[in-house]
Amino acid sequence: QPQLVESGGGLVQPGGSLRLSCVVSRSIFSINSMGWYRQAPGKQRELVASITNIGRTNYADIVKGRFTISRDNTKNTVYLQMNSLKPEDTATYYCKSFTYDVWGQGTQVTVSS
């Protein structure tokens, strides 16, 4: 069973940027289709972005043009570059392997002045 570990969260001011990383171990990373989700307090978990094993990407409308998902198969890592952050982006962000249906533990992102 793969293990997913996220990092890169933190506190950032509105308009700022963060890059989240998700390292995948104990699997052949290159075959994984991956996604980033987020969950704010009192809200359902929602899909933010996804990337297939061949690099096709998809984004939720609310983050299009601001977030970019990418992967580096040599590092077994999927990234989420987040620009122009807004207070409503505040949430715990999780990565998921769609291929294995496995979640990471999450990393907190707080956008506040």
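Here, buried means under 20% relative accessible area, and the views below come from a predicted model.

**View 1. Strand S4, mostly tucked away.** Strand S4 covers residues 34-39. Five of its six residues are buried, so the rest of the structure largely encloses this strand. One partner is strand S5 (residues 46-51), which runs antiparallel to S4 and is joined to it by five bridges. Zoom in on Gly 35 and you'll find Ser 50 of S5 standing opposite.

**View 2. The turn between S4 and S5.** These two strands make a hairpin, with six residues between them. Look for Gly 42 in the turn: its phi is positive, at about 80 degrees.

**View 3. S4 next to S9.** S4 also pairs with S9, again in the antiparallel sense, over six bridges. In this pairing, Arg 38 sits opposite Tyr 93 of S9.

**View 4. A buried salt bridge, Asp 89 with Arg 66.** The two side chains meet with N to O at 2.7 Å. Asp 89 belongs to the loop between strand S8 (77-82) and S9, while Arg 66 belongs to the loop between strand S6 (57-59) and strand S7 (67-72), so the pair ties together parts that are 23 residues apart in sequence. Both Asp 89 and Arg 66 are buried.

**View 5. Asp 101 and Lys 96, one end in, one end out.** This salt bridge has an N to O distance of 3.3 Å. Asp 101 counts as exposed because its relative accessibility is 53%. Lys 96, on the other hand, is buried, with a relative accessible area of 13%. Elsewhere, salt bridges with shared partners link Arg 38, Glu 46, Arg 66 and Asp 89 into one network. The total for the model is five salt bridges.

View 6. The closest N and O atoms of Lys 64 and Asp 61 are 3.3 Å apart. With a relative accessible area of 62%, Asp 61 is exposed.

View 7. Tyr 100 is found in the loop between strand S9 (91-97) and strand S10 (102-103). Its relative accessibility is 31%, so Tyr 100 counts as partly exposed.

Notes:
Residues numbered from 1 in each chain as written. Predicted model: local features only at pLDDT ≥ 70, side-chain atom pairs only at ≥ 80, totals over all residues. Heavy atoms only, no water. Helix = DSSP H or I, 4+ residues; strand = E, 2+ residues; numbered from the N terminus. Buried < 20%, exposed > 50% of the residue type's maximum accessible area, 1.4 Å probe, protein only. Pairing = 2+ DSSP bridges. Salt bridge = Lys/Arg side-chain N within 4 Å of Asp/Glu carboxyl O.
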